[in-house]
Amino acid sequence: MIYDLHAHSVFSDGVLAPGDVVRRARAHGVTTLALTDHDSTDGLSEARSAANQEGLRLVAGCELSVSWDTHLIHILGLNVDPDNVNLQNGLATLRDIRTQRAEGMARQLEKHGIPDAMQGALRHSANGIVTRRHFAQYLVELGHAPTVRTVFAKFLRHGKPGYVKTQWAPLQEAVGWISAAGGIAVIAHPQRYGMTATRLRKLIQDFMECGGEGLEVVSGAGADDAVRSSAALAERFGLYGSVGSDFHDPELGWNDLGKFAALPANIQPVWTHSRFSPAQGQA
Ligand code: AMP
Ligand code: MN
Ligand code: MN
Ligand code: MN
């Protein structure tokens, strides 16, 4: 069994349609895939049809934007019921925040001599969810930078002209929406927040007090020491360990579907959790 429990489609900032994400995962030997778009579960029905055709097990997921302390944190919801009203209301709130932030980003970019950024970003978005990646694509199109990655460094990171400080969902609310929808909350890519070890432990304590249960121990092609640090935290706090590519784009080879290290043997896998029950494909 190969699990990949973190992947994006065009329903947020990925470049493939949900069906194509599923088929690519299958081609890479993934047997259980979670589609975890940012602040949306709208890609899941297409992913589910494809998973049934491919005989792949699909986990209904999402990746929620959360503000904790001064940090933007990502919380994965695995095995959520997409029809849960609590969760959908929460996701709608997050998408409203996204739209307001996007309008703020466009105003700031306008002052910086970059016109029509809202329309430009929306053109790159398949379903109206505007992420920084869509602004990046527009800025590359205008020739302000050669690649999406360089645009982030020049325009979209903290302290740069297009950056807008944003209050996302509080941790307690986001974990609450996932729990209400029967899902398992998992802190995504814990080593990517630039936190001190002390702050990270405090985040985990707060997260667990809210009912959070998992930590993404293996995230994409992260460095070995990142896996070791996360594994040590999962063990210390008794959290379930998750693994995922955080796939967005086939051209970014370092986080392709199914391509990452194994979960260390001493960590309890999230797929052994009693509420983890992906839909079985039929083929
Ligand atoms: P947002 O949720 O709209 O703030 O966008 C964040 C997304 O931008 C992340 O989920 C990544 O997919 C992407 N991202 C963040 N930093 C970079 C970067 N340096 N280069 C390319 N993509 C990035
Ligand atoms: Mn993303
Ligand atoms: Mn993330
Ligand atoms: Mn992600």
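Modeller: Helices (H or I, at least four residues) and strands (E, at least two) are DSSP runs, numbered from the N terminus. This is a predicted model, in which local features need pLDDT of at least 70 and side-chain atom pairs count only at pLDDT 80 or more, while totals for chains, interfaces and linings use all residues. Residues are numbered from 1 along each chain as written, chains are lettered from A and ligands numbered from 1 in written order, and side-chain values use heavy atoms, without hydrogens or water.

Colleague: Which residues are the protein donors of the manganese ion (ligand 3)?

Modeller: The donors follow the spacing E-x10-H-x114-H along the chain. Lying 2.2 Å from the ion, they are Glu 63 (OE), His 74 (ND1) and His 189 (NE2).

Colleague: Where does His 189 lie, given that it is paired with His 74 of strand β4?

Modeller: Both histidines are donors of the manganese ion (ligand 3). They link distant parts of the chain, 115 residues apart, and the position of His 189 is the loop between β6 (184-187) and α8 (197-209).

Colleague: Is His 74 buried or exposed?

Modeller: Buried means under 20% relative accessible area, exposed over 50%, and partly exposed in between (1.4 Å probe, protein chains only). His 189, at 6%, falls below that cut-off. The relative accessible area of His 74 is 14%, so this residue counts as buried.

Colleague: What distances separate the manganese ions (ligand 4) and (ligand 3) from the manganese ion (ligand 2)?

Modeller: For the manganese ion (ligand 4), the separation from ligand 2 is 4.6 Å. For the manganese ion (ligand 3), the separation from ligand 2 is 5.6 Å.

Colleague: What is the phi value of Asp 246?

Modeller: Asp 246, in the segment after β8, is buried, with a relative accessible area of 5%. Its phi is positive in a residue other than glycine, being near 60°.

Colleague: And what is the phi value of Asp 39?

Modeller: Asp 39 lies in the loop between β2 and α2 (44-54), and at 0% relative accessibility it counts as buried. Here too a residue other than glycine has a positive phi, near 55°.

Colleague: Which residue in β3 stands opposite Leu 33?

Modeller: Strands pair if DSSP finds at least two bridges between them, and four bridges join β2 to β3, which run parallel. In β2 (residues 32-35) both faces are covered, with Thr 32 and Ala 34 buried on one side and Leu 33 and Leu 35 buried on the other. The residue that stands opposite Leu 33 is Leu 58.

Definitions and conventions: Donors = N, O, S within 2.8 Å, 3.2 Å for Na, K, Ca; no water.
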